[in-house]
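Here is a short report on one protein chain. It starts with the overall layout and then turns to the sheet, the core and the aromatic rings.

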Amino acid sequence: MSGKGSGYLKRLLDGATDYIMRKETVGFDKKGNKYFRYFETTNGEKTERREVKWLAGEYWNYDPNDIPSEWRMWLRKLRVDPPTEEELAKSALKSANLQVKVAALDEAERLRQVRMQQQGSHTASAAPDMSRLLQEMKGETPKPAAPKTSQESEPEAWVPNSECAE
């Protein structure tokens, strides 16, 4: 059988299986993955099942991060209703804005490292130089704690509901 014919047969068989199991299509994502809901009855108990049919058809070679988080939450029953187009669009916009902010922070950090390297006070590594901080800490003498009053040091001296003398 040729690859084209086997693909047609597979789609036909998948469609028949979906019809027999009464799978309801609830939505699609940007990558073309299809999301289903169906119900199984076991020992008289009706259970909702949710699944995704990958567009690529390679069920063994998928990355769960390819599924938008809203759909992942729906599949894991962390939300009752499937995500709407508006929710998915808003999430995509947030993600794009976040990527822009991360790129700006990465560039600012790269420029900071270049500036520090030019000043000669920083090595090319991304880790901060802690030697100066440690030297300052060694040079400091700890301040003595204030002495406790006799009333603070004796547990018997405290009386509940007593007025504070301050």
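Buried means under 20% relative accessible area, exposed means over 50%, and partly exposed lies in between (1.4 Å probe, protein chains only). The model is predicted: local features need pLDDT of at least 70, side-chain atom pairs count only at pLDDT 80 or more, and totals for chains, interfaces and linings use all residues. Residues are numbered from 1 along each chain as its sequence is written, and side-chain values use heavy atoms, with hydrogens and water left out.

**Layout**

The protein has 5 helices and 3 strands. Helices (H or I, at least four residues) and strands (E, at least two) are DSSP runs, numbered from the N terminus. Along the sequence the pattern reads α-β-β-β-α-α-α-α. Contact means heavy atoms within 4.5 Å. Of the contacts between residues at least 6 apart in sequence, 28% join residues at least 24 apart.

**The sheet**

The 3 strands form an open sheet in the order E1-E2-E3, with antiparallel pairing. Strands E1 (24-28) and E3 (45-53) are the edges, and each pairs on one side only. Two strands pair if DSSP finds at least two bridges between them. Neighbouring strands are turned by 25° against each other on average, direction ignored. The axes behind that angle are lines fitted to C-alpha atoms, for helices over the stretch in contact, and angles run from 0 to 180 degrees between N-to-C directions.

Strand E2 (residues 34-42) pairs with E3 over 9 bridges, in the antiparallel sense. Thr-42 stands opposite Glu-45 in E3. Tyr-38 has Arg-49 as its bridge partner in E3. The hairpin of E2 and E3 has 2 residues between the strands. Asn-43 sits in that loop. Its phi is near 50°, a positive value in a residue other than glycine. Asn-43 is exposed, with a relative accessible area of 82%.

Two lysines lie over ring faces. A charge sits over a ring if NZ of Lys or CZ of Arg is within 6 Å of the ring centre and within 35 degrees of the ring normal. Lys-23 lies over the face of Phe-36, at 5.6 Å from the ring centre. Lys-46 lies over the face of Phe-39, at 5.0 Å from the ring centre.

**The core**

A nonpolar core is a set of buried Ala, Val, Leu, Ile, Met, Phe, Trp, Tyr and Cys residues joined through side-chain atoms within 4.5 Å. The largest one has 8 residues: Tyr-35, Val-52, Trp-54, Ile-67, Trp-71, Trp-74, Leu-75 and Leu-88. Helix H2 (residues 69-75) gives the largest share of this core, 3 residues. Leaving out residues up to four places away in sequence, Val-52 touches Asn-33, Lys-34, Tyr-35, Ile-67 and Leu-75.

**Aromatic pairs**

A pair of aromatic rings is described by the distance of the centres and the angle of the planes. Rings of Phe, Tyr and Trp (its six-membered ring) pair if their centres lie within 6.5 Å; planes under 30 degrees apart count as stacked, over 60 as edge-to-face and the rest as tilted. The whole structure holds 2 such pairs.

| Pair | Centre distance | Plane angle | Type |
|---|---|---|---|
| Tyr-35 and Trp-71 | 4.0 Å | 5° | stacked |
| Trp-71 and Trp-74 | 5.7 Å | 90° | edge-to-face |

Tyr-35 lies in strand E2 and Trp-71 in helix H2, so their pair ties together parts that are 36 residues apart in sequence. Trp-71 and Trp-74 both lie in helix H2, 3 residues apart, about one turn of the helix. Ring pairs link Tyr-35, Trp-71 and Trp-74 into a cluster. Tyr-35 counts as buried at 0% relative accessibility. Trp-71 counts as buried at 1%, and Trp-74 is buried too.

**Loops around H2**

Asp-66 is in the loop between E3 and H2. At 32% relative accessibility, Asp-66 counts as partly exposed. Asp-66 touches Lys-31 and Trp-54, not counting residues up to four places away in sequence.

Lys-77 is in the loop between H2 and helix H3 (85-119). Lys-77 has a positive phi of about 60° although it is not a glycine. Its relative accessible area is 43%, so Lys-77 is partly exposed.
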